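Dear colleague,

I am passing on the structure below, followed by my notes on what was found in it. Please read the notes with the coordinates open.

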Amino acid sequence: MRHTLSVTVENEPGVLSRVSGLFTGRGFNIESLNVGPTLDPGVSVMTITTEGDEQIIEQIVKQLRKLITVIKVVDLTEMKSVLRELVMLKVNANDANRAEILRVVDIFRCKVVDVSIDELTIEATGNHEKISAIVGLLTRFGIKEISRSGMVAMKRSTQG
Amino acid sequence: MELTGAQILLECLKREGVEVLFGFPGGAVIDIYNELPNSSIKHVLVRHEQGAIHAADGFARASGKVGVCLVTSGPGATNTVTGIATAYMDSIPVVILTGQVPTPLIGNDAFQEVDIVGITRPCTKHNYLVKDIRELAHVIRQAFYLAKSGRPGPVLVDLPKDVMQVKTEFIWPEDVKMRSYNPNYKPHAGQIRKVANLIREAERPLIYAGGGVITSKGHEALTWLAQKLHIPVTATLMGLGCFPGDDPLWLGMLGMHGTYAANMAVNNADLVLAVGARFDDRVTGKVSTFAPMAKLVHIDIDPTSIQKNVSVHVPLVADCRLALEALKEEMEPTLEDYDFEGGHMSWVTKVQVWGKEHPLTYKQSETTIKPQYVVEKLYELTNGDAIIATEVGQNQMWAAQFYKFKRPNTFLSSGGLGTMGYGFPAAIGAQFACPGKMVIDVAGDGSIQMNIQEMATSVCNNLGVKIVILNNGYLGMVRQWQELFYNRNYCETCMDAQPDFVKLAEAYGATGFRITEVGDVERILKQALETPGTVIVDVRVEREENVYPMVPAGASLTDMLLV
Ligand SMILES: Cc1cc2nc3c(=O)[nH]c(=O)nc-3n(C[C@H](O)[C@H](O)[C@H](O)COP(=O)(O)OP(=O)(O)OC[C@H]3O[C@@H](n4cnc5c(N)ncnc54)[C@H](O)[C@@H]3O)c2cc1C
Ligand SMILES: Cc1ncc(C[n+]2csc(CCOP(=O)(O)OP(=O)(O)O)c2C)c(N)n1
Ligand SMILES: [Mg+2]
């Protein structure tokens, strides 16, 4: 099963290699990894998506917590959270299919960010399923280039 | 007062209680060496940096304190890597201080520059590069705190030359606070009650103790529980010494070269209390058949050890000593209400019968010297009171099997990494930790040649370390596998082209003995142990003797090859 982990770390040199080294060294799998600053300049947050059975995910979480520079690990899979990824796609477009591509763009509330005679560059954000659906639908037009940000995530506010 | 980085470093080491530093100088650490004569810390000059790190490790294992080594940048630093990994695998507290090129040159492929922080990231508990002198005191404080707290381990501090040269106001950080590191020592009361109830219900309980009992000094509480509740005890290689080896409840080591009684007990127990042990594959054999009838309780300070290799019924993240003491407190008031002795009688008897059916044994010979016999004699001659370091291979297993360890911190052996060349420098470190004790390295002829250069260190410090080489002229443990599993294809394991170990001892200014006759073993060993200073005893043992019992790798613990 896919899990999304939110990992709060000390913002210091080497912290990324400590985390990525843990995954390669122990044979865990990283699907995407995203790092960014927080309001506290001393702290960064990494969002890691990974796959594995319960026992492996438990080890990954524990091993991450064991790293001295890791402050907090939360498995967002277990709680209500918002997951978003940004993807940019350069798609082949001609007069015959441009309208259809734009319909897909419309339906998924994507944005066209660049246009040329034979290409459209599309920006989309969404959760994993939505991004997969968009990529799936656009594949038949011919995707020339794709760039994905990896997942960022946040726990939802508790209600009431 | 303003101090240089080198002065601050040495002042911090002193305040951390460091008495001995094992090291080897070079350009990047020359500023530290320049200050050393002004410090009260004793420096031991080794002959190879691997010797320094193993000596620091041996010092730590024998004393329970943090061992420290100091080496230069580049090759000095890389020479310690094997020893760092050795300490890491066995959770030993050491601090490694490495010199580094000046900060402006870092990343430029400067002379003797190596990214030692990058290299050792996966084999240290944590590591640091100190780029700013204002961080130095904090980092040193954190390094010692990390090394010895929680699950101990090696911590490396990389010290650029310019940071050692500049000056700053020295402020000693009174305490160490780290928001991201808070090991949990205290056992959960509810879990303790659960364990106590499992013990009360169990008919065939077994304690499986590991290195964590030694680290936490939990041996006394463990011994109390075992003896009062009549629970047989087995231990891993790393746990040897946590329970008296001459107690009737002692089953010997478990695992690949464990005793028949210990492995049978694991297989038949209905409750296994794993205390400070990590279910290593050398211990469990085939995991799916490990302790098939037992409820498993696992006490360990490191959450990652729990549920890693086997799934346990009652996990308990805590310090072993505190957990065992809490258990004792829980059990003591109701001790009278339960008849543990009667209740466990048939189980204890059964286990002891296994011990009698297949004890640790060997076929004594009139003509050749059996290595096991040599270890037995060492045990007798030292009354079981020596500190025994070992190399790796058959010599290590025979030492573990035939020396009955009575006290913790008396068996020093590279378990997790299995580093040949560990034993002798570790013995040197142990001798510095315990100057009054007899320290013996039980060695193999192959392993001893991996750090033999430390003879000079031992001799010039007038150390009384005794090296007893169980000389079979083979890389014996590998040869044993070739014999049993590779059709006797002894490819590259015959080491009969050897130095003359007696002359070698003499060349270093030490004393050498050779034993070739069974009848001489006791007499010459005694003489060797009584000889002051560093001694090598070259014992020519039966060349193709094997270590038994043996559970082939990946087989179930009950599939033992016996003598
Ligand atoms: C040739 C060879 C053959 C070997 N054969 C065998 C064999 O037959 N049998 C055998 O047992 N071993 C054998 N070994 C050793 C084996 O490889 C492992 O090193 C050993 O079994 C591990 O011991 P341990 O489980 O006690 O763990 P250790 O490595 O000692 O780990 C200690 C555990 O305790 C925990 N801990 C540390 N401090 C505390 C604390 N304060 N409180 C609570 N928990 C703590 C740690 O988190 C860790 O999980 C062999 C090694 C070699 C080289
Ligand atoms: C540094 C290192 N290299 C290789 C090995 C693999 N190895 C394990 S035991 C062994 C044989 C050791 O020979 P010796 O020291 O003579 O001990 P014996 O088994 O003969 O007692 C070898 C080569 C190792 N453990 N460590
Ligand atoms: Mg040998």
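In chain A of this predicted model, four strands form an open sheet in the order β6-β7-β5-β8, with antiparallel pairing (two strands pair if DSSP finds at least two bridges between them; strands, E, of at least two residues and helices, H or I, of at least four are DSSP runs numbered from the N terminus). Because β6 (111–115) and β8 (143–155) of chain A stand at the edges with a single partner strand each, one side of each has no neighbour in the sheet. From one strand to the next the twist averages 15° (axes are lines fitted to C-alpha atoms, for helices over the stretch in contact, and angles run from 0 to 180 degrees between N-to-C directions).

β6(A) pairs with β7 (residues 119–126) of chain A over 4 bridges, and Val115(A) has Leu120(A) in β7(A) as its bridge partner. Helix α3 (residues 98–107) of chain A packs on the sheet, touching β5 (81–92), β6 and β7 of chain A, at about 15° to the direction of β7(A) (contact means heavy atoms within 4.5 Å).

Residues are numbered from 1 along each chain as its sequence is written, while chains are lettered from A and ligands numbered from 1 in the order in which they are written. Local features need pLDDT of at least 70, side-chain atom pairs count only at pLDDT 80 or more, totals for chains, interfaces and linings use all residues, and side-chain values use heavy atoms, with hydrogens and water left out.

Best regards
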